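User: I've got a model open and I'd like to learn how to read its features. Can you walk me through it?

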Amino acid sequence: MSYPPTDKQMAFLARLNYDGLPPETKEEASWLIDAKKAGKKGPALENAFREIRELLHVRDQWDEFAETIEYMLAIYKRGKNIIVDVLLVNGADVDDRGKLKLILAAPKLVNDSHIGQYLEWEKDFEIPAINLLYNEAWRSKIPPDDLKGYEKAVKKGLKIAKKLPKQSP
């Protein structure tokens, strides 16, 4: 959830002679203060601010996805490999370099002597959002821990992956 900038942040920006686009959130105000302190100004500051605002908006969309839909069929690049999987989306974050990263969990096959095989999403990892080559919400009527539904989704993903443009290493 985003909160509006504080009066203290706005007063500090005024003391720094910031007169560009007004920040809409505490996070944007904080970013602007840091950028002004680092000496950014003029069009370069305004362009960077527009970029970070868009990035924060996209991050918020991923967080909303994590709260409402949760699972996605994903095709992504990890190292030199292209991976197809159903992933649990835990959210997104913007790193210190201003890059969006996705916070995800991959499934692990569990063998239970009483109920058989099922999946648990407990292998947490992050990827740069730019490495996500394809995704779609997984709105299956089959629960995400059901192995047959998972296998069907991955087969679909493999077909889609074959049609994607070749990725450079």
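User: What volume does the largest pocket have?

Analyst: Keep in mind that this is a predicted model. The largest pocket comes out at about 330 Å³. Its lining has 17 residues, and those closest to the centre are Trp 31, Ile 52, Val 94, Asp 95 and Gly 98.

User: Which helices and strands each supply at least two residues of that lining?

Analyst: That would be α2 (26-37), α3 (42-68) and β2 (81-94). Of the contributors, α3 gives the most, with six residues.

User: Let's move to the rings. How many aromatic pairs does a search of the whole structure find?

Analyst: The general idea is that two numbers describe a pair of aromatic rings: the distance of the centres and the angle of the planes. Here the search turns up five pairs. One of them is Trp 62 with Phe 65, a tilted pair at 5.6 Å centre to centre and 55 degrees between the planes.

User: How far apart are Trp 62 and Phe 65 in helix α3?

Analyst: They sit three residues apart in α3, so about one helical turn separates them. Trp 62 is buried, with a relative accessible area of 13%, and Phe 65 also counts as buried, at 13% relative accessibility.

For an edge-to-face case, take Tyr 71 and Trp 138: their ring centres are 6.3 Å apart, with 80 degrees between the planes. This pair links distant parts of the chain, 67 residues apart: Tyr 71 belongs to strand β1 (residues 71-78), while Trp 138 lies in the loop between β5 (132-137) and α4 (147-163).

User: Are Tyr 71 and Trp 138 buried or exposed?

Analyst: Both are buried. Ring pairs also bring in Trp 121, giving a cluster of Tyr 71, Trp 121 and Trp 138.

User: Back to α2. What span should its 12 residues have, and how far apart are its end C-alpha atoms?

Analyst: At 1.5 Å a residue, α2 should span 16 Å, and its end C-alpha atoms are 16 Å apart, which agrees.

User: Which residues of α2 are buried?

Analyst: Glu 28, Ala 29, Leu 32, Ile 33, Ala 35 and Lys 36 are buried. They cover an arc of only 165 degrees around the axis, so they lie on the same side of α2.

Notes: Residues are numbered from 1 along each chain as its sequence is written. This is a predicted model: local features need pLDDT of at least 70, side-chain atom pairs count only at pLDDT 80 or more; totals for chains, interfaces and linings use all residues. Side-chain values use heavy atoms; hydrogens and water are left out. On a 1 Å grid over the protein atoms alone, a cavity is a set of points where a 1.4 Å probe fits but cannot get out, and a pocket is an open set with protein on both sides within 12 Å along at least five of seven lines; lining residues have an atom within 4 Å of a point. Grid points are joined across faces, edges and corners, and a volume is the space filled by probe spheres set on the points. Helices (H or I, at least four residues) and strands (E, at least two) are DSSP runs, numbered from the N terminus. Rings of Phe, Tyr and Trp (its six-membered ring) pair if their centres lie within 6.5 Å; planes under 30 degrees apart count as stacked, over 60 as edge-to-face and the rest as tilted. Buried means under 20% relative accessible area, exposed over 50%, partly exposed in between (1.4 Å probe, protein chains only). The expected span of a helix is 1.5 Å times one less than its number of residues. The arc is that of the directions from the helix axis to the C-beta atoms.
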